[in-house]
Amino acid sequence: MVARARVLLVAAVVWFLATTACQAAQRDYATALTKSLLYFEAQRSGKLPPTRRVQWRGDSALKDGADHGVDLIGGYYDSGDNVKFGFPMAFTVTMLSWSVVEHRDRLAAAGELSHALQAVRWGADYLAKAHAHPDVLYVNVGDGDSDHACWERPEDMDTPRRAYVVNATHPGSDVAAETAAALAAASVAFTGPRGDPRYASTLLKHAKQLFQFAKNHRGLYQNSIPSARSFYSSSGDEDELLWAAVWLYIATGHQEYKAYIAGTNNVGGVPQSLSWDDKFVGAQALVAKLILQGKLPNSGRHAEMRSNVESFLCNVVQHGDGRSGRLTPGGMLYLQPWSNLQDVTTAMFVLVTHADHLAAARASLQCGGVRLPPAQLVSFARSQVDYILGKNPMKMSYMVGVGKRYPLQPHHRGSSLPSIRKYPGKISCGKGAEYFHRSAPNLNVIDGAIVGGPDNNDHYDDSRGNYQQGEPSTYTVAPIVGVLARLLRN
């Protein structure tokens, strides 16, 4: 009897510890979800609403577009600087929208759907304004070189705010198609419950025109805007065109877009990652979803795309050729030394999304001779999120503001300088440089920001000058919104 009682006691303790750990993880996911959406409010450009939750930020860049006589106020700063780069901003909006499309009910149950839709709308409003005419798209606002040479708050900006445009004679089919994808995806996000059908219709009109513009006037945007080569240079436009066509097909069901998908000559092979530059994995994942739902045939180009995304995911979960990263000693998926976590969050989004689509179709992921059920894919994604949130050799959360220990000196101008609300006097570039070189923590906590992350040996150097590891970006955080919503048990 004593031995049996001991066994029961041990079992009870194990159950209690496991339950407690699970509950703690759920709390971490909920906090991280809330703060990931809060981060986008810290990245806002333009006139901030009275309902803003990030109190250390103020209005900024209120004359953007004035040099062209257009209103380009609003949108997001991409990272730790004060330039508005349209190419990664559009990708950010696409990924935020996709998070809403796939996880609307979970976001609503967590009380975050309204914040997610607000984040989408802030970016989509700007992108729609930037599409001033059917064949005209304003792409960037600000000069990257002068901005990067100056450490100042967005509220104090006195660096050039020139607006850069693509049009019929100076094309940018890559950025035009990505913006079409963003607005089409946003239109789908606003079509669902608690959405805005009229707004969705406006966004869809812009998306259709931008897709036609991109198809009719091919050319990489950095060839029309040479300064873009140094910052977000595009490797091609076929991925964005396919990505846009798939989103437009989802939004409309029109044969035109279905035919474009089926007739495309380049479906991207097996990509290494999904990123602001390479969208093939995203397009492939959406086509795979449509196949599993019976909306597209599992043949021809469609079948090739499903096969490619599943090969990509096999690589991600370490049952492939390693092209999509290897695990560090501490267990992080590692692809590159510069902001590695941007590739981790997008890969995990595709992984959990495809896992759900497989589960709905009662299917599994086949990796050679190994069959992986959807639950195992979600488990792998959970391990990566747990790593980001602090279950790693550094015992550091790489999402700022989450956990007991997180980066204190992210490479971010507004976060590191005194708040405009506490110090309303202008802080010049020279004065700002003094704050850059301080060894003290940033003065404002930029909740929800995900830094670039540790190296291939799980080491992270928390230094403001370490922009490769320490700079957060909107396109790193956007995908994790959907992943965190998926991992929550509502």
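Me: Why does Thr264 count as buried?

Reply: This is a predicted model, in which local features need pLDDT of at least 70 and side-chain atom pairs count only at pLDDT 80 or more, while totals for chains, interfaces and linings use all residues. Residues are numbered from 1 along each chain as its sequence is written, and side-chain values use heavy atoms, with hydrogens and water left out. Buried means under 20% relative accessible area, exposed over 50%, and partly exposed in between (1.4 Å probe, protein chains only). Thr264 has 11% relative accessibility, so Thr264 counts as buried.

Me: Where does Thr264 lie, and which residues is Thr264 in contact with, leaving aside neighbours within four places in sequence?

Reply: Thr264 lies in the loop between helix H9 (255-263) and helix H10 (280-292). Helices (H or I, at least four residues) and strands (E, at least two) are DSSP runs, numbered from the N terminus. Contact means heavy atoms within 4.5 Å. With those neighbours left aside, Thr264 is in contact with Leu242, Arg301 and Met305.

Me: What makes Cys150 and Cys429 a disulfide?

Reply: A disulfide is a pair of cysteine sulfur atoms within 2.5 Å. The sulfur atoms of Cys150 and Cys429 are 1.6 Å apart, and the two form a disulfide. The torsion about their S-S bond is about -95°, so this disulfide is left-handed. Cys150 lies in the loop between helix H4 (144-148) and E3, and Cys429 in helix H15 (residues 429-436), so the pair ties together parts that are 279 residues apart in sequence.

Me: Why does Cys429 count as partly exposed?

Reply: Cys429 has 27% relative accessibility, so Cys429 counts as partly exposed.

Me: How many disulfides does a search of the whole structure find?

Reply: The search finds two. Cys314 and Cys367 also form a disulfide, with sulfur atoms 2.0 Å apart. The torsion about that S-S bond is about -90°, so the disulfide is left-handed. Cys314 is in helix H11 (residues 300-316) and Cys367 in strand E6 (residues 365-367), 53 residues apart. Cys314, at 6% relative accessibility, counts as buried. Cys367 is buried too, with a relative accessible area of 5%.

Me: Why do strand E1 and strand E3 stand at the edges?

Reply: The open sheet of three strands has the order E1-E2-E3, with antiparallel pairing. Strand E1 (84-85) and strand E3 (163-167) each have a single partner strand, so one side of each is left without a neighbour in the sheet.

Me: How do you know that E1 and E2 pair?

Reply: Two strands pair if DSSP finds at least two bridges between them. E1 and strand E2 (residues 136-141) pair in the antiparallel sense over two bridges. Lys84 stands opposite Val141 in E2.
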